[in-house]
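Please consult the sequence and the structure shown here before reading on.

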Amino acid sequence: VIIPNSSRRKSDTLARLRSMGFGPCEGDGASDVPPISVVTSGDLVWEGLSAAAAAPFADLGLKCTVFGNGEDDEEYVRTCGRVAVPVAEADFVLARGLFTILGTGPDLLRQPFSPYSADAEEEALRAALAARPGGLPLVVANPDTVRPDGKDSPMPGLLAARYEAMGATDIRPVGKPHPLIYEACRAQLAIAGIDAAGARGAAVG
């Protein structure tokens, strides 16, 4: 089971694995070799928002402002039953990437996002902080602070740190090294007949 801190659904990670020659992967059909299974932090957030049945998702509203990757944010939000809106109307903030800000564009139907910038981030976070004591909840679909390849691009984990430094108290990271993704990993192992309940694991990477 591979558990990347990717804010995307697992189909993206599976496609990358196949392109690098790894396999068989889940969904490839029958094989004598156990398939590679993937649980992404983005999947966990999408599933949690869709079900809205358990922490840290159950008490979130329907409306959110999204720091996104600029590619699949609209579909991601729509298919999990949420609506992207400006911060002033939002129930929570979702951090998937730092390339665009969904819900802040000039036209929420035709151009619902605006480009990310440090100034736009600060403005949005200060508005989120002012919305209620402790700030609007921030769900972080990728809590990493650096890219695995070492490239210097903004990461959602850094946004979370900046929001906390402003005084925010309701920050909800999903992904390594936080427990939810390891629980999902154990569930996948159980499906494969491996009892990992209570087992100690080592995370590499």
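## Two crossing helices

In this predicted model, helix α4 (residues 118-130) and helix α5 (residues 156-166) have axes that come within 10 Å and cross at roughly 50°. Angles from 65 to 115 degrees count as roughly perpendicular and those under 35 degrees as roughly parallel; α4 and α5 are therefore oblique to each other. The crossing of the two helices is right-handed.

On the α4 side, the residues that meet α5 are Glu 121, Glu 122, Leu 125, Arg 126, Ala 128 and Leu 129. Their partners in α5 are Leu 159, Arg 162, Tyr 163 and Met 166. Sorted by class, this contact consists of six nonpolar and four charged residues, with no polar ones.

## Leu 159

Leu 159 belongs to helix α5. With a relative accessible area of 0%, Leu 159 is buried. Beyond its neighbours within four places in sequence, Leu 159 is in contact with Phe 67, Ala 95, Leu 98, Glu 121, Leu 125 and Leu 138.

The C-alpha atoms of Leu 159 and Glu 122 are 9.3 Å apart in space, while the two residues are 37 residues apart in sequence.

## The two sides of helix α1

Helix α1 spans residues 10-19, and its residues Thr 13, Leu 14 and Leu 17 are buried. These three lie on the same side of α1, because they cover an arc of only 100° around the axis. Ser 11, Arg 16 and Ser 19, on the other side of α1, are exposed.

Gly 21 follows α1 and has a positive phi, near 90°.

Notes: Residues numbered from 1 in each chain as written. Predicted model: local features only at pLDDT ≥ 70, side-chain atom pairs only at ≥ 80, totals over all residues. Heavy atoms only, no water. Buried < 20%, exposed > 50% of the residue type's maximum accessible area, 1.4 Å probe, protein only. Helix = DSSP H or I, 4+ residues; strand = E, 2+ residues; numbered from the N terminus. Arc of directions from axis to C-beta. Axes fitted to C-alpha atoms, helices over the stretch in contact; angles between N-to-C directions. Parallel < 35°, antiparallel > 145°, perpendicular 65-115°, else oblique. Left-handed = near helix turned anticlockwise from the far one by under 90°. Contact = heavy atoms within 4.5 Å. Nonpolar A, V, L, I, M, F, W, Y, C, P; charged D, E, K, R; others polar.
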